[in-house]
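Open the model in your viewer with the sequence panel beside it.

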Amino acid sequence: MKNKSFYSLKYLLLIYLLMTVVYPVGSLFATIRGEDVQTVFSSAQFFPMLKNSVITTLIATVISVALSFFLAYALNRSNIRFKNFFVVLFTIPMLIPSISHGMGLVQLFGDNGLITNLLGINIGLYGYKGIVMGSVLYSFPVSFLMFHDSLQYEDFTIYEAASVLGLSKGHQFMTITLPSMRRTVVSSVLAVFTMVFTDYGVPLMTGGTAMTLPVYMYREVIGMMNFSGGAVVGVVLLLPAVAAFLMDLRNSSSDGSSSTITKPYIVAENKTRDVLVYVLFAVVLAMLCLPIVSFVCLSFVKQYPIDMSFSLDQVKKLLSNNIGMYFVNSMAIALLTALLGTCLSYFAAFVTARSGKSLSNKAMHFVSMLSLAIPGVVLGLAFVLSFNELPIYSTIFILVLVNIVHFFSSPYLLAYNSLSKFNPNLEDVAASLGISRLRMLINVYIPSTQSTIMEMYSYFFVNAMITISAVSFLINFRTMPLSLMIPQLESQSFMEGTALVSLLILGINMLEKMIAFLIKRSLYFKQVALETQNDA
């Protein structure tokens, strides 16, 4: 009887996940008719758009993964100072919407861009070149974090043995480092490919005449209200994402590697190498942050490019365009998404990690992971088709709901991995003492994983602030968030406004990250003080 509440909550959560993940996707498939498929596939635009999507995605994926691996390797195989600071700088592009990266490139290298006007050189941004450049900026930080994390867990004893056997550094890299990174390389390639293939923000800004499938889907649904045609394209976008998801699952389950290390990697002293790493990082950071610099330049000028003198006119103009209402909307959406999303994903992880391998638990685990395979643009359309009759459809709560589903998997995995590290016999001991599962959750697991919970909250908040894909089909004038102001202002040729909105989103997310860092630091010092007190 003590665990009756636990099982009630468990099955309620499972029903919720089925209704918000499986049901919308099923509804998307159910709305497709044979004539819709024939119309889309027989269109003269379809295969050129598919070609554009595949080519730009493949090129961007190769560049993004190679660059992120090289930089993560340089960071972990050097003795430079402030490594954590560089990690933060490399992940700043994650704090603004993908559409802002495209907008930043237009402001820099477009026909009337800052660098174009300054140097008199037009690089021909619009088309494949612009899509690839923006996609690399957008996807690079995710891949970098994956490689950076994996490289920290390499066991130095293997390299010591290889050195004793006379293997050169290059031979060690090819025979030890690369094979040990196989799983991460595959996961990184699949993650970046899915992100780029399903994104419409960058190609919407920089694609020019080279239209991609996500942009076509966006214009069909938003511009022409063609839901049936959009659903067909949505399924086409869903298939590669699901295939990548299944391949990643297979890769994860078949990989026998362990993160257990016996000796951390020891980097030899080499001042020349470290100086070269500093120079490399400075160049890359300058390129990564150029769009953000352009936002600063354009946000506080009188009128670009006619009058570049300092002015607050753009701020006043945005205030008169109801930016305050959109700011409140974004904050409400992000805070509610973070709060509810963290609670739901943590409890789902608690159920699956600490309650055995029953059929219902396996189903919950699979559905929790499945949302990772659903692109935001597809999920948004699926919600339109599934929930347009509900009273919450025209409210902020539908945006919160779609964001929770969209970003559910990664925080869930964070909690699942943390909770899996506890002694597997804890539940048996608690049951013998008459302690319920919910009491264990409240008194043991939550206090012990506060840092993980803070990381989950931060993930939900930041992504809810920057997302455009999942919410773009569900907003109206009263519920529109800040991120959706960017394409709206761009269509009005209000470049200074798009820059200011991008800066505002970046500032909010950086503030949230700083608060999260300070909270986690405080929790760490409290834990150290408690352990010291117990030892004494």
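A contact means heavy atoms within 4.5 Å. With that in hand, select Val136: leaving aside neighbours within four places in sequence, Val136 is in contact with Ala60, Ile63 and Ser64. Val136 lies in helix H7, residues 128–151. Helices here are DSSP runs of H or I with at least four residues, strands are runs of E with at least two, and both are numbered from the N terminus. Val136 counts as buried because its relative accessibility is 11%; buried means under 20% relative accessible area, exposed means over 50%, and partly exposed lies in between, with a 1.4 Å probe and protein chains only. For a distance across the model, pick Val37 as well: Val136 and Val37 are 99 residues apart in sequence and 32 Å apart C-alpha to C-alpha.

Before going on, note what is on screen. This is a predicted model, with residues numbered from 1 along each chain as its sequence is written. Local features need pLDDT of at least 70, side-chain atom pairs count only at pLDDT 80 or more, totals for chains, interfaces and linings use all residues, and side-chain values use heavy atoms, with hydrogens and water left out.

**The whole chain**

Zoom out. The secondary structure comes to 25 helices and two strands. The C-alpha atoms fill a box of roughly 70 × 65 × 50 Å along the principal axes. The radius of gyration is 24 Å, which agrees with the value near 24 Å for a compact globule of 536 residues; the radius is taken over C-alpha atoms, and the globule rule is 2.2 Å times the number of residues to the power 0.38. Of the 536 residues, 50% are buried. Among contacts between residues at least 6 apart in sequence, 82% join residues at least 24 apart. The chain exposes about 24,900 Å², and carbon and sulfur atoms supply 67% of that area; accessible areas come from the Shrake-Rupley method with a 1.4 Å probe, and for residues only the protein chains shown count as cover.

**Confidence**

Colour by pLDDT, the predictor's confidence in each residue from 0 to 100. The chain has a mean pLDDT of 85, and 96% of its residues reach 70 or more. Where does pLDDT stay under 50? Select residues 256–260, for which the model has two contacts beyond four places in sequence. Where pLDDT is low, the predicted coordinates should not be read in detail.

**Salt bridges**

How many salt bridges does a search of the whole structure find? The search finds two, a salt bridge being a side-chain nitrogen of Lys or Arg within 4 Å of a carboxyl oxygen of Asp or Glu.

- Select Glu455 and Lys520: they form a salt bridge, with the closest N and O atoms 2.3 Å apart. Glu455 lies in helix H23 (residues 450–466) and Lys520 in helix H25 (residues 495–535), so the pair ties together parts that are 65 residues apart in sequence. Glu455 is partly exposed at 28% relative accessibility, and Lys520 is partly exposed at 23%.
- Select Arg273 and Asp274: their salt bridge has its closest N and O atoms 3.1 Å apart. Arg273 is partly exposed at 22%, whereas Asp274 is buried at 9%.

Return to helix H23 and select Val462. Is Val462 buried or exposed? Val462 is buried, with a relative accessible area of 5%. Not counting residues up to four places away in sequence, Val462 touches Met94, Leu95, Asn509, Glu512 and Lys513.

Next select Val315 in helix H15, residues 313–320. Val315 is partly exposed at 26%. Beyond four places in sequence, Val315 touches Phe300 and Leu500.

**The surface**

Select Val275, Val279, Val283 and Met287, which form a nonpolar surface patch with about 370 Å² of accessible area together. Patches are made of residues with over 30% relative accessible area and no salt bridge, with like charges joined within 9 Å and nonpolar side chains (Val, Leu, Ile, Met, Phe, Trp, Tyr) within 5 Å. One of the four, Val283, is found in helix H14, residues 271–299, and is partly exposed at 46%.

Last, select Phe82 in the loop between helix H3 (46–76) and helix H4 (83–90). Phe82 has a positive phi of about 60 degrees although it is not a glycine. Phe82 is exposed, with a relative accessible area of 55%.
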